[in-house]
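Okay, thanks everyone for coming.

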Amino acid sequence: MSVTVFIRGKHGVRRYEPGKRWMLLPAVVVCAGLTLWWQAKSDASQVEGQLAVASASTAQHQNEISALREQTEAQLSLLAARLGRMQARMNRIESVGMAVADRVELADQFDFQSEVGLGGGNVPSEQGVELGLLLEQMDQMLLRLERSDNQLALLETLERHHHIDNDSYLSGRPLLKGWQSSSFGYRNDPFNGRRTLHRGLDFAGPEGGEVIATGAGVVSYSGTMFGYGNLVEIDHGNGIKTRYGHNKENLVELGQVVAKGDTVALIGSTGRSTGPHVHYEVMLNDQQVDPARYVYRKPRS
């Protein structure tokens, strides 16, 4: 099949017969248009899909941010509550510290009520005003805790020494029930009758009765010793020691800390003894001295 085209011009009608390849041009144009349309539609669909994914992702992020914000607010509330409890405990600690300082008469040297000094520029917190204020309060609380802890440790040491000074002060007899049966100094030995030096005081009492410490200290000896039988020795510091001899049984061990008035042994008659009694010695720098100056002096209040 052939196609003849007549074209009218200035010089009349001209006849034109295109070849077969020109007949394919409309089809090519149509195919190209369809291709472009399909490509545009595909691109549009792809963009819509990407927008939908982006929108979903944005919504998810917003939900995550909201959940994180709620979680953060809950944690801040919990943190604030804990800080409040810490402050209450801190107030109690400071009250105890003030009471102890007053008891040892050092209240003027330990101040638990003054504010802790803080400083620094006014830099806004990136987490917000409330969190910044909370962190500042926590820093202040840590400083108060550190300061009070140091002062309480020092007060504890001072009070312990204060009590040791009072409790290690020797006074009174080494037994609850009994009487003094022998003095310090030269006497006739009850076994051979010779004139010998008696280096302590003897207190007669019922066998099995309580032997008590006349001052606070640390047990420096607990065992048997020639002549003394069962012996307890207590170191009271400052070169002072006491000895309790002829015991039926020792009730304390080496290194044990005892308080004034604690029972350290039971009255007996072990060693070189004629009957149940307590041989009581006071040693000053490892030399026996007359215990009477300690036994009968006025105790500290």
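Let's begin with the largest pocket, which holds about 510 Å³ of space. Rolling a probe the size of a water molecule over the atoms shows where empty space is left. For us, a pocket is found on a 1 Å grid over the protein atoms alone: an open set of points where a 1.4 Å probe fits, with protein on both sides within 12 Å along at least five of seven lines, and lining residues have an atom within 4 Å of a point. Grid points are joined across faces, edges and corners, and the volume is the space filled by probe spheres set on the points.

So what lies nearest the centre of that pocket? The lining has 24 residues, and those nearest the centre are Arg-187, His-198, His-246, Arg-272 and His-279. The elements giving two or more residues to the lining are strand S3 (179–182), S5, strand S6 (201–204) and S14.

A word on ground rules. This is a predicted model, where local features need pLDDT of at least 70 and side-chain atom pairs count only at pLDDT 80 or more, while totals for chains, interfaces and linings use all residues. Residues are numbered from 1 along each chain as its sequence is written, and side-chain values use heavy atoms, with hydrogens and water left out.

Now the overall picture. The protein chain has three helices and 15 strands; these are DSSP runs numbered from the N terminus, with helices being H or I of at least four residues and strands E of at least two. Of the 301 residues in the chain, 27% are buried, and here buried means under 20% relative accessible area, exposed over 50%, and partly exposed in between, with a 1.4 Å probe and protein chains only. The accessible surface comes to about 20400 Å², and 55% of that belongs to carbon and sulfur atoms; that's Shrake-Rupley with a 1.4 Å probe, and for residues only the protein chains shown count as cover. Looking at contacts (heavy atoms within 4.5 Å), among those with a separation of 6 or more, 62% are between residues 24 or more positions apart.

Side chains of opposite charge can pair when their charged atoms come close. Our cut-off is a side-chain nitrogen of Lys or Arg within 4 Å of a carboxyl oxygen of Asp or Glu, and the structure holds four. How are the charged residues linked up? Glu-233, Lys-241, Arg-243, Glu-281 and Asp-286 are joined in a network of salt bridges.

Take Glu-233, which is buried at 8% relative accessible area. Glu-233 bridges to Lys-241, with the closest N and O atoms 4.0 Å apart, and Lys-241 is partly exposed at 21%. Glu-233 also meets Arg-243, at 2.8 Å from N to O. That pair links distant parts of the chain, with Glu-233 in strand S9 (residues 229–237) and Arg-243 in strand S10 (residues 240–247), ten residues apart.

Arg-243 counts as buried too, at 12%, and has another salt bridge, to Glu-281, at 3.8 Å between the closest N and O atoms. Arg-243 sits in S10 and Glu-281 in strand S14 (residues 277–284), so this pair ties together parts 38 residues apart in sequence.

Phi of Asn-285 is near 55°, a positive value in a residue other than glycine, and Asn-285 is exposed at 56%. Asp-286 lies in that loop between S14 and S15, also with a positive phi, near 70°.

Last, some strand pairing, which for us takes at least two DSSP bridges between two strands. Strands S4 (residues 185–188) and S5 (residues 195–198) run antiparallel, joined by four bridges, with Asn-188 opposite Arg-195. Six residues separate the two strands of this hairpin, and Gly-193 takes a positive phi near 75°.

Then there's an open, antiparallel sheet of three strands in the order S7-S13-S11. S7 and strand S11 (249–250) are the edges, each pairing on one side only. Between S7 and strand S13 (residues 263–266) there are three bridges, and Glu-210 faces Leu-266.

That's my tour, happy to take questions.
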